Amino acid sequence: MMVCEYKPGLEGIPAAQSSISYVDGQKGILEYRGIRIEELAEKSTFLETAYLLIWGELPSKEELEAFEHEIRHHRRIKYRIRDMMKSFPESGHPMDALQASAAALGLFYSLRDLHNPAYIRDSVVRLIATIPTMVAAFQLMRKGNDPVRPRDDLDYSANFLYMLNEQEPDPLAAKIFDICLILHVEHTMNASTFSARVTASTLTDPYAVVASAVGTLGGPLHGGANEEVIQMLEEIGSVENVRPYVEELIQRKAKIMGFGHRVYKVKDPRATILQNLAEQLFAKFGADKYYDIAQEVERVVEEKLGSKGIYPNVDFYSGLVYRKMGIPTDLFTPIFAIARVAGWLAHWKEQLAENRIFRPTQVYNGKHDITYTPIDQR
Ligand code: CMC
């Protein structure tokens, strides 16, 4: 029998062959289908990037227009989904609401035709189109308001911000939000993508695939870190408090949220872009004292932990960007999910193309040949 070495967290073990994205963690490079993230952030849009990831090539003008058109016309959610969401507790986390709602979509589209390209396209369109509507609807309903209908004359990101805030967004804010979605859409074999691929490998429906990935994204070691970064900056409260705060965390071996990465050993290229976007927002809409605190945190952490390869990751500056847009902290991770759904769907499609069910092994470290003890003798 082959003996395999157990690697906690499967570190360094390939779980799939994939041509969707690539990370060089030493050089700080991220590419989607071979194109550098910096170039996509500058020149592309979220929907164009989603198309690139899912279908493997940049779309022609006509292909992009057709995709945008389909998304635009599938943004509404069924009133039964809305009613179901209305009955969710207002105090519940929006990630849980999103997971339940994404899974509920599967109840309405139960036909599973995984070898049919039209089915794949319909599912991709429906999920990318409706997830933002579900996030915005829950936000309004938990405040006691009725959800706002999507607006067909607004593009993807502007429409989401409109549905969330019940007013048309500033064009710079909408553009920056769209870039944030590009930065979050895909990132090789992270925990939620792995989860999506495992679920996909059972040949279940794409709604179950996305629901399981949403559940995985929510944890504080993954997408949930962006919320915790803001909580940490608020707790620090002032630039002077940064050094003692960080030193205390390091001393008790606690994790500093928004720092560190399994793959990157330098500053995450997405963090650099997000920091720049945050600065653009501060220049237009006014400074944020938490940005000064964040920069000092970065300086101190680099001084103390840079030699271990601990630098800001994607979650460190994203929260400051969303905060400046007036977005509540507990929506940061659902916004991550709005973007990442396209990456998960690209992996779903890739997994189906050469599927084999995931069924890893384990290293058993329990007992053998134990006799059953009757309950009255225990
Ligand atoms: N603060 C302080 N020390 C850290 C940190 C951190 N944020 N991250 C890693 N380390 C240290 C860790 O203590 C360990 O040190 P030692 O070898 O002395 O015991 C070493 O670095 C390796 O850490 P690890 O936890 O084994 O690394 P990992 O690859 O298992 O974990 C990580 C990666 C992202 C879970 C981890 O860096 C972390 O928990 N970061 C904080 C949470 C966070 O920001 N998550 C967002 C991740 S990026 C985007 C996303 O996935 O959503």
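Analyst: Domain bounds here come from an automatic or database domain assignment. That assignment gives domain 1 (18-218 + 341-353) and domain 2 (225-324). This is a predicted model: local features need pLDDT of at least 70, side-chain atom pairs count only at pLDDT 80 or more, and totals for chains, interfaces and linings use all residues. Residues are numbered from 1 along each chain as its sequence is written, and side-chain values use heavy atoms, with hydrogens and water left out.

Start with the contact itself. The centres of the two domains, taken over C-alpha atoms, are 26 Å apart. Domain 1 brings 22 residues to the contact and domain 2 brings 19 residues. Contact means heavy atoms within 4.5 Å.

Now the area. The two domains bury about 1,700 Å² between them. Buried area is the accessible area (1.4 Å probe) that two parts lose on being put together, summed over both. Carbon and sulfur atoms account for 72% of it. On the domain 1 side, I176, L183 and H184 supply 28% of the area buried against domain 2, more than any other three residues.

A salt bridge is a side-chain nitrogen of Lys or Arg within 4 Å of a carboxyl oxygen of Asp or Glu. D170 forms a salt bridge with K284, and their closest N and O atoms are 3.0 Å apart.

Which elements of domain 1 face domain 2? β1 (21-24), β2 (29-32), α1 (37-43) and α8 (171-184) each supply at least two residues of that side. Helices (H or I, at least four residues) and strands (E, at least two) are DSSP runs, numbered from the N terminus. The largest share, eight residues, comes from α8. By type, the touching side of domain 1 has twelve nonpolar, six polar and four charged residues. Ala, Val, Leu, Ile, Met, Phe, Trp, Tyr, Cys and Pro count as nonpolar, Asp, Glu, Lys and Arg as charged, and the others, Gly among them, as polar.

Finally, look at the strands. β1 and β2 pair in the antiparallel sense over four bridges. Two strands pair if DSSP finds at least two bridges between them. V23 has L30 in β2 as its bridge partner.
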